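User: I have a structure to study and want to learn to read it step by step. Can we go through it with questions?

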Amino acid sequence: MQLSLFSNVKTVYANSDGPLDNESLYRRVAREAGISLKTVKEKSPIGESGQMHSKFQREVRWHQQTLKTAGLLQHTGQRGRWELTKEGKTSLRKAQPKASMVAFSTDLGTALWSLSADVFNAIDAPVTLCLTSPPYPLAKPRAYGNPSLNDYIEFIVDSMQPIVANLVDGGSICLNVSNDIFCPGTPARSIYREKLVIALAEELGLWKMDELIWSNPNKCPGPVRWASMTRQQLNVGYEPIYWFSNNPKKAIANNRRVLQPHSEKHLDFVRRGGNRMEKSCSDGAYRTPAGGYSRETEGRIPRNILTYPHNCPAQSKYKAAARSMGLAAHGAPYPLKLALFLIQFLSREGDLVVDPFAGSLTTAEGAEITGRKWLVTDCMLEYVLGGSTRFAHRESFRINPDFAALAA
Ligand SMILES: C[S@@+](CC[C@H](N)C(=O)[O-])C[C@H]1O[C@@H](n2cnc3c(N)ncnc32)[C@H](O)[C@@H]1O
């Protein structure tokens, strides 16, 4: 069992939407560290008395105590529940305004430790795709902080404006946002998403191409208050991804780049000649002629529900590498396969893909793998440094010595 769980304990508190009791803490730390529940519960004799205890739980409580002693954890008034203090939440190093720093680069791309505005307000380069997941307007901010709901639309429009100004004709903006923002004290969802779409269309002249569904079968149960306690809501299984373009007719999208394999059943049907007779479905709304589906095609056109669990091998690898450097792993990365899909669908090899809120640099890794150029920023030094582990094996990887020195 791995018994160096300090950063896992801190990350779990940092990513929690509320104070945590110890049972939830154990569960989440185990998940974060990739430790099985069996190991969590395993008891062994400890000390002279030989009393049976869980080594894992003792280790977690030890780190919890360290955080309390350092003034990073506070009691909430609710029995047995603790949460990070303000200092605990801000122990990530945030870039100062007008102090951008190149962190590292490859032949295809550059990552900067910077506030996004400082870089994207200054660029003059043709962008084909902006794929990003901006911070969500959560009532309980994550470790890296969040804009409030009141400021959110202005923040996103201002962040997108310089990128839209550089967007090539038919370029795309893809925003992964949250549907799980509730009107205070109620199980009703905020309509900020609708307002955001209208603001982006009216203020930046973007066209809504689709609201893609990122279905995440491994999403943690929630919203706890409304689904598990009052039972007035269902557990959430998806996040929306808005796809906009500045010129829909010329959109540089091509589903041929993301075709999926046909099922054996479908191929068998095609090889047997497809439809034997004309078929009519949905009261005649759809007709397929006799002989329809008798020609083998290159692949299946994907549906607009993109199903990928968030804990994919690429993210586990990144998290392990970040932790081995003593860094907090990012708490909200999207799966690499989701990024790969959108990058291939919405850009071509050699095009420029950007991510102003790059977090653990998933978009950058997707662009690098698929031969796109890339430019990304994140304001937290620890995330950019952790994300650099995705690229360190590449021949063209070059870390800026000043950044490395700052990070040491
Ligand atoms: C939801 S996370 C992005 C996660 C990312 N898609 C991934 O796969 O790792 C949002 C990120 O935006 C960063 N951020 C917030 N405000 C920022 C700003 N003004 N400029 C640059 N980065 C910012 C946060 O540090 C955080 O890492």
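Analyst: The questions below go through this predicted model part by part.

User: What end-to-end span should helix 2 have at 1.5 Å a residue, and what distance lies between its end C-alpha atoms?

Analyst: Helix 2 covers residues 22–33, which is twelve residues. At 1.5 Å a residue, they should span 16 Å. The end C-alpha atoms agree with this, because they are 16 Å apart.

User: Which helices do the buried residues of helix 2 pack against?

Analyst: Start with the buried residues of helix 2: Asn22, Ser24, Leu25, Tyr26, Val29, Ala30, Glu32 and Ala33. Then look at what they pack against: helix 1 (6–15), helix 3 (37–41), helix 4 (55–69) and helix 11 (313–324).

User: Which residue follows helix 2, and what is its phi?

Analyst: Go to the end of helix 2, at residue 33. The residue that follows is Gly34, and its phi is positive, near 70°.

User: Is Val40 buried or exposed?

Analyst: Val40 sits in helix 3. Buried means under 20% relative accessible area. Val40 has 4%, so it is buried.

User: How far apart in space are Val40 and Tyr26, C-alpha to C-alpha?

Analyst: Leave aside the neighbours within four places in sequence, and Val40 is in contact with Tyr26, Ala30, Ile35, Ser54, Phe56 and Gln57. Tyr26 and Ala30 are among the buried residues of helix 2. Val40 and Tyr26 are 14 residues apart in sequence, and their C-alpha atoms are 7.6 Å apart.

User: Which residues is Trp374 in contact with, leaving aside its neighbours within four places in sequence?

Analyst: Trp374 is one of the residues with the most contacts inside the largest core. Its partners include Phe104, another residue on that list.

User: Why is helix 13 largely enclosed by the rest of the structure?

Analyst: Its buried residues are Thr362, Thr363, Ala364, Glu365, Gly366, Ala367 and Glu368. They pack against strand 6 (109–113), strand 7, helix 11, helix 12, strand 14 (352–355) and strand 15 (373–378). Helix 13 is largely enclosed because seven of its eight residues are buried.

User: Which residue follows helix 13, and what is its phi?

Analyst: Helix 13 spans residues 362–369. The residue named as following helix 13 is Gly371, with a positive phi near 75°.

User: Is Thr128 buried or exposed?

Analyst: Thr128 is found in strand 7 (residues 127–132). Its contacts beyond four places in sequence include Leu167, Val168, Ile252 and Leu346. The relative accessible area of Thr128 is 3%, so Thr128 is buried.

User: Is Lys98 buried or exposed?

Analyst: Lys98 lies in the loop between helix 5 (86–89) and strand 5 (101–105). Exposed means over 50% relative accessible area. Lys98 has 73%, so it is exposed.

User: Which peptide bond is cis, with omega near 5°?

Analyst: Look in the loop between strand 9 (207–215) and helix 9 (224–229), where Pro223 has its place. The cis bond runs from Gly222 to Pro223.

User: What is the phi of Arg231?

Analyst: Arg231 lies in the loop between helix 9 and strand 10 (238–245). At 65% relative accessibility, it counts as exposed. Arg231 is not a glycine, yet its phi is positive, about 65°.

User: Which residues lie nearest the centre of the second largest pocket?

Analyst: This pocket has a volume of about 380 Å³. Its lining divides into four nonpolar, six polar and six charged residues. Of the 16 lining residues, those nearest the centre are His262, Thr297, Gly299, Arg300 and Ile301.

Methods. Residues numbered from 1 in each chain as written. Predicted model: local features only at pLDDT ≥ 70, side-chain atom pairs only at ≥ 80, totals over all residues. Heavy atoms only, no water. Helix = DSSP H or I, 4+ residues; strand = E, 2+ residues; numbered from the N terminus. Expected span 1.5 Å × (residues − 1). Buried < 20%, exposed > 50% of the residue type's maximum accessible area, 1.4 Å probe, protein only. Contact = heavy atoms within 4.5 Å. Core = buried A, V, L, I, M, F, W, Y, C linked by side-chain atoms within 4.5 Å. 1 Å grid on protein atoms, 1.4 Å probe; cavity = no way out; pocket = protein on both sides within 12 Å on 5 of 7 lines; lining within 4 Å. Points joined across faces, edges and corners; volume = space filled by probe spheres on them. Nonpolar A, V, L, I, M, F, W, Y, C, P; charged D, E, K, R; others polar.
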